[in-house]
Amino acid sequence: TQYIEQESKSIVNKVDSPDVGMYYSMNPYAGCEHGCIYCYARNAHEYWGYSAGLDFEQKIIVKVNAPQLFRKFLMNSKWECLPISLSGNTDCYQPAEQKYHLTRQLLEVANEFNQPVGLISKNGYMLKDLDILSKLASKKLVSVLVTITSLNEELQRGMGPRTTTANQRLALIKD
């Protein structure tokens with residue numbers, strides 16, 4: 001896996017699709033090491049000049065200034081404070097998070113500004129942020145969605161070869 005660090009111009013994106021179920025999203029990473037064969041975000045990697053195939057899994061764009069951009073975005077007096085989804089396009093708890101901690105920093109900014117956020121993940125690494133997620137939850141500012149594609153581990157490994165097991169995801173939901 002190659003991490004490509006990038007200074008982005010923006011981090012929050014308006015979602016105009018009526019069938020997605022979110023108004024705004026932010027993705028600290030582009031591309032995803034999980035390698036899920038069914039991922040709808042693969043084609044978006046072509047925007048960056050990479051393939052939707054192996055490049056999507058092996059060339060991860062890291063938006064290193066994401067927390068600063070998010071803070072600046074929230075300080076705009078015209079912002080109406082609608083929920084923002086983390087990982088609308090790729091999993092914010094993919095392995096890159098263990099090195100960069102961008103998701104945690106984004107959650108800390110959200111907590112500081114009382115900004116509602118939603119998370120979508122299939123990675124048990126989310127538990128390392130339980131402290132900040134609990135703070136957001138105590139203010140009713142967070143929702144968490146965990147993808148479980150199958151309880152059959154062999155099938156699940158075929159569909160998402162570098163994700164956590166179904167049992168680990170069930171444990172995540174329990175906690």
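Author: Let us begin with a definition: two strands are said to pair if DSSP finds at least two bridges between them. This is a predicted model, and in it strand 7 and strand 8 (residues 142-146) pair in the parallel sense over five bridges. Within that pairing, Ser121 has Val146 of strand 8 as its bridge partner. The chain passes from strand 7 to strand 8 through helix 5 (residues 130-138), in a β-α-β crossover that is right-handed.

Reader: Which strand do three bridges join to strand 7?

Author: That is strand 6 (residues 84-86), which runs parallel to strand 7, and in this pairing Ile84 stands opposite Val117.

Reader: Why is strand 7 described as largely enclosed by the rest of the structure?

Author: As a general idea, a residue is called buried when its relative accessible area is under 20%. Four of the five residues of strand 7 (residues 117-121) are buried, and therefore the strand is largely enclosed by the rest of the structure.

Reader: Is Asn65 buried or exposed?

Author: Asn65 lies in the loop between strand 5 (59-63) and helix 2 (66-74), and with a relative accessibility of 10% it counts as buried. Leaving aside residues up to four places away in sequence, Asn65 touches Gln6, Glu7 and Ser8.

Reader: What does the nonpolar patch on the surface consist of?

Author: The patch is formed by Ile148, Leu151, Leu170 and Ile173, which together have about 350 Å² of accessible area. Among them, Leu170 belongs to helix 7 (residues 166-174) and, at 37% relative accessibility, counts as partly exposed.

Definitions and conventions: Residues are numbered from 1 along each chain as its sequence is written. This is a predicted model: local features need pLDDT of at least 70, side-chain atom pairs count only at pLDDT 80 or more; totals for chains, interfaces and linings use all residues. Side-chain values use heavy atoms; hydrogens and water are left out. Buried means under 20% relative accessible area, exposed over 50%, partly exposed in between (1.4 Å probe, protein chains only). Helices (H or I, at least four residues) and strands (E, at least two) are DSSP runs, numbered from the N terminus. A crossover is right-handed if, with the strands pointing away from the viewer, the path from the first strand over the helix to the second runs clockwise. Contact means heavy atoms within 4.5 Å. Patches are made of residues with over 30% relative accessible area and no salt bridge: like charges are joined within 9 Å, nonpolar side chains (Val, Leu, Ile, Met, Phe, Trp, Tyr) within 5 Å. Accessible areas come from the Shrake-Rupley method with a 1.4 Å probe; for residues, only the protein chains shown count as cover. A salt bridge is a side-chain nitrogen of Lys or Arg within 4 Å of a carboxyl oxygen of Asp or Glu.
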